[in-house]
Amino acid sequence: MVDLAKITQPLSLDRFGPRRDGPLVLELDLTEGVADEAPGDPIGQLVNRRRQHYLDVVEGIRRGARDPEVAALLVRVDTRSLGFAKVQELRTCIADFRAAGKPALAWADSFGEAGDGNLPYYLACAFSEIVMAPTGVLGLTGLQLKSTFVKGALDKLGLGYEVGKRYEYKNALNGVTETGFTDAHREATGRIVDSLGDQLVEGVAAARSLSADEVRALVSQGPFVGAEAVERGLVDRLAYRDEVYADLLSRARGEDGPEPRLTFVTRYHRRNTPGPRPRVGGGADHIALITATGTISLGRTRRSPLGGGTVMGSDTVSAAFRAARRDPHVKAVVFRVDSRGGSPTASDAIRREAELTREAGIPVVTTMGDIAGSGGYYVTLASDAIVAQPGTLTGSIGVIVGKPVLGPLLERYGITSDAVSVGEHAGMFDTDRPFSESEWERVNALLDRVYEDFTGKVAAARGMSREEVHEVARGRVWTGRDAADRGLVDALGGLETAVRIAREKVGGRALPLRPFPRRHPLDRLRPHESSEDPAAAQPQSALDAWGPLRHDAAVLGLPEAGPLTMPDPGRVR
């Protein structure tokens, strides 16, 4: 007879995973890259199913530190998809893992064969052991920030740019208006490199039992081949992958113990994370994690289904704050920001919703990622506290606007245009001519107004005078460490620090952190109830922040996010 009870029992997927007998060794391969967030649409989620997500990595390592079944951590080090601040947050996670008395081993085929090995080696220094392949190279050569200037080439083409900014450090368009660093640009960039360089030296020195002067001397001597790296105490040993794995698994097993089991950190984290809960109004009390990544524009957040760039839409982020205020189980919000900025209007809309959330009695604590500058700093101003890593790039409190002047280039090729208009300034944003004198008056008035509004909000939020704000503003970018020294940031740390502060602000309750809101895939298909619905906003062009210039901005490479954009600092190498 057929046993219907057995047939109708739900299928368990546990048997397809690793066996549950031996100790776990968590594995992480950073050469596969790490995504900031999962795409919001079902197709994007399917395409990126195997891609590691940064917060899953961070929380997975922290969970493993507390799990008695987890015996060790093995990481193949690479930082191509990580900036300085994310590396520092990972370093803190590794330190927590080691503090639990568990070995954490970093290995790499090579730390930057062409010299770009500073950041991956900085990460590796957080581990209890560093191993490199026998033929590898340790590219510890010092940091560099490089800018490219194309004004000379544009001049030859007859293509010019008109740029207005507040003030001298706002250098997002210097690449098309200058042929090299201005004094202010060089000063600000030099200070960033010095600050990050000091942090690199301090990290290596503490990990390898060297003095800061010894590390600086080694940096000036690099890169190093494998034997040299071991001889100088920078690497513990040389070994191939099979030797690294066999040795660590043997140590995890111990004498006559069960065979250890390897599992990827992100898979371990997802397997041990409780399933989805009701999106709004259900479940237990918690801290809501609202993430905001990418350039800031009006409209809805857009993510490439193939894992490319992200546009932070003010409608989406604002709706998340409104939903948090309506949910009786949300007791605090941790706001995760990683953005170079963008539209002033969109930035202020997000700031306003955060402000209303705080006024409703729900604390808001911001944690910055690799970059949170210009509009990315603006959106943090309603927070109860701002947390940044020492290597976060932030500030850039200023404004910039510009347009290309194509007239001479078009004339060279016989391209002409004509127009009929009403109003003296009807064609002021046309790219075939420069601004007139009266148009420049309006541009400058707008720049002054945006800068005054921005710095005024900073002064009110940070308890500073306008003069004090202006001294640290003027478009200048700071590292998180320097920003904290100047009163722009409250604490240095990452997500864990922000969660700790949020818990303190709700009476020390050990509330769990949950991504918010939890959207259902059908949210994209169902009719929206109202503009209060978190899924109500419709996509808009990512270049709307430039208004009438959006099409020219796209063609000519202007910062697509808009006037409140900090310069792209390039990759620290």
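## Strand β12 and its partners

In this predicted model, β12 pairs with strand β24 (residues 513-515) in the parallel sense over 3 bridges, where two strands count as paired if DSSP finds at least two bridges between them. Within this pairing, Leu 289 has Pro 515 of β24 as its bridge partner. Strands here are DSSP runs (E, at least two residues), helices are runs of H or I with at least four residues, and both are numbered from the N terminus.

β12 is also joined to β16 by 8 bridges, and these two strands run parallel. Thr 293 stands opposite Asp 338 in β16. β12 is mostly covered, since 7 of its 8 residues are buried, that is, under 20% relative accessible area with a 1.4 Å probe and protein chains only.

## The largest cavity

A cavity is a set of points on a 1 Å grid over the protein atoms alone where a 1.4 Å probe fits but cannot get out, and its lining residues have an atom within 4 Å of a point. There are 2 cavities of 30 Å³ or more, and the largest has a volume of about 80 Å³, a volume being the space filled by probe spheres set on the points, which are joined across faces, edges and corners.

Of the 10 residues lining the largest cavity, Asp 36, Tyr 54, Lys 86, Thr 293 and Arg 336 are the closest to its centre. At least two lining residues come from each of α3 (54-66), β12 (286-293) and β16 (330-339).

## Basis of the values

Residues are numbered from 1 along each chain as its sequence is written, and side-chain values use heavy atoms, with hydrogens and water left out. Because the model is predicted, local features need pLDDT of at least 70 and side-chain atom pairs count only at pLDDT 80 or more, while totals for chains, interfaces and linings use all residues.

Technical notes: On a 1 Å grid over the protein atoms alone, a cavity is a set of points where a 1.4 Å probe fits but cannot get out, and a pocket is an open set with protein on both sides within 12 Å along at least five of seven lines; lining residues have an atom within 4 Å of a point. Buried means under 20% relative accessible area, exposed over 50%, partly exposed in between (1.4 Å probe, protein chains only).
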